[in-house]
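Subject: A structure for you to look at

Hi there,

Here is the structure I promised to pass on. Please open it beside this email, and I will walk you through what turned up.

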Amino acid sequence: QTMQTSPSTQIVNVGGFDIGGPNFTVIAGPCSIESQAQFMETASGVKAAGAHLLRGGIWKMRTSPTAFQGLGANSFDMVRTVCKELNMSLVSEVTDVRQIEEVYDIVECFQVGSRSMQNYELLKELGRQKKPVLLKRGLAAYIDEWIKASEYVTKMGNQNVILCERGIRTFETATRNTLDLNAVAYAKKNTHLPVIVDPSHAVGIRALVPDLAYAAAAVGADGIIVEVHPRPAEALSDGMQALTLNDFSVMMKKLDRILTAI
Ligand code: PEP
Ligand code: MN
């Protein structure tokens with residue numbers, strides 16, 4: 001008897017790349033856009049190593065209000081310059097409905113952060129847009145709550161939703177969160193949406209990020225979103241989990257071998 005194949009049929013095009021189907025898509029870049037030079041160096045490095053799409057925070061959802069909150073509107077021109085120069089598209093988080101319009105011409109895929117997964121007004125407004133949505137799982141959300149959150153977007157007419165497992169809060173404190181690979185397998189079998197993994201926020205420790213990226217590929221995820229910084233020690237957010245450009249390039253080569261093998 002053959003295994004039931006995944007009903008994941010929705011293919012979501014982001015900046016010319018099809019997410020879902022047979023493809024494994026790599027979205028990479030800094031946690032936060034910190035300067036034009038930092039964003040350009042990171043973006044050109046990840047592109048050279050084979051990343052398909054860029055990530056980079058404009059507005060950050062930080063635990064502490066005194067932590068770096070992102071450059072906001074001061075980064076718009078940096079995004080324009082880097083994306084144009086490298087001919088790449090940006091995936092970036094919107095934390096409020098008003099930001100959708102502000103970045104509509106510079107962001108190709110709207111990320112909904114873990115802390116916003118149940119911001120239903122934000123989800124409904126994104127459901128009225130023509131651009132795709134990357135929906136991160138809430139840090140303590142049931143799989144069912146995550147899937148239902150995606151339906152707030154699709155019900156409004158926007159079918160282009162990508163689910164993202166980014167680790168959940170468990171009793172374990174040795175790592176930042178616990179990557180729930182069950183959720184990836186479950187969502188692949190029980191939804192028609194592409195599912196990707198964020199190994200960076202899931203584990204929070206640079207040295208462990210590549211291993212979880214490989215696990216994501218093996219479990220059948222449609223891609224990963226991963227944080228990279230040219231000098232992690234200088235990062236204004238999430239430096240502990242940022243891969244260096246060299247780490248990223250080594251990981252990409254091994255990922256290729258794993259994807260060929262499975
Ligand atoms: C991020 O991608 O930088 C981020 C804030 O992620 P999460 O919402 O998963 O915590
Ligand atoms: Mn981050």
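Let's begin with helix 4, which spans residues 120-127 and has Leu122, Leu123, Leu126 and Gly127 as buried residues. Looking down the axis of helix 4, you would find its buried residues within an arc of 140°, so they line one face of the helix. These buried residues pack against helix 3 (97-102), strand 6 (109-112), strand 7 (133-136) and helix 5 (143-155).

A few words on terms before we go on. Buried means under 20% relative accessible area, exposed means over 50%, and partly exposed is in between, using a 1.4 Å probe and protein chains only. Helices (H or I, at least four residues) and strands (E, at least two) are DSSP runs numbered from the N terminus. The arc is that of the directions from the helix axis to the C-beta atoms, and a contact means heavy atoms within 4.5 Å.

Please keep in mind that this is a predicted model, where local features need pLDDT of at least 70 and side-chain atom pairs count only at pLDDT 80 or more, while totals for chains, interfaces and linings use all residues. Residues are numbered from 1 along each chain as its sequence is written, chains are lettered from A and ligands numbered from 1 in the order in which they are written, and side-chain values use heavy atoms, with hydrogens and water left out.

**The whole chain**

The protein chain has nine helices and ten strands. Its C-alpha atoms fill a box of roughly 55 × 40 × 40 Å along the principal axes. For 262 residues, a compact globule would have a radius of gyration near 18 Å, and the 17 Å of the protein chain agrees with that. (The radius is taken over C-alpha atoms, and the globule rule is 2.2 Å times the number of residues to the power 0.38.) Of the 262 residues, 55% are buried. Among contacts with a separation of 6 or more, 71% are between residues 24 or more positions apart.

**The metal site**

Which residues coordinate the manganese ion (ligand 2)? They are Cys31 (SG), His201 (NE2), Glu227 (OE) and Asp238 (OD), at 2.0 to 2.4 Å. Donors here are N, O and S atoms within 2.8 Å of the metal (3.2 Å for Na, K and Ca), and water is not among the atoms, so sites may look incomplete. In sequence, the donor residues are spaced C-x169-H-x25-E-x10-D. Cys31, in the loop between strand 3 (25-29) and helix 1 (36-48), and His201, in helix 7 (residues 199-203), link distant parts of the chain, 170 residues apart. Both Cys31 and His201 are buried.

Asp238 belongs to the loop between strand 10 (223-227) and helix 9 (245-261). With a relative accessible area of 18%, Asp238 is buried. Asp238 also has a positive phi of about 55°, although it is not a glycine. As background, most residues other than glycine have a negative phi.

**Helix 2 and what follows**

Helix 2 buries Phe76, Met78, Val79, Val82, Cys83 and Leu86. These residues cover an arc of only 155° around the axis, which puts them on the same side of helix 2. The face turned away from that side carries the exposed residues Asp77, Lys84 and Glu85. The buried residues are covered by elements including helix 1, strand 4, strand 5 (90-93) and helix 3. Just after helix 2 comes Asn87, with a positive phi of about 55°. At 69% relative accessibility, Asn87 counts as exposed.

**Aromatic rings**

How many aromatic pairs does a search of the whole structure find? It finds three. Rings of Phe, Tyr and Trp (its six-membered ring) pair if their centres lie within 6.5 Å; planes under 30 degrees apart count as stacked, over 60 as edge-to-face and the rest as tilted. One of the pairs is Trp59 with Phe76, which is edge-to-face at 5.9 Å centre to centre and 80° between the planes. Trp59 lies in the loop between strand 4 (53-55) and helix 2 (76-86) and Phe76 in helix 2, so the pair ties together parts 17 residues apart in sequence. The rings of Tyr104 and Phe110 have centres 5.8 Å apart and planes at 45°, so this pair is tilted. Tyr104 is partly exposed at 24% relative accessibility, whereas Phe110 is buried at 0%.

Happy exploring!
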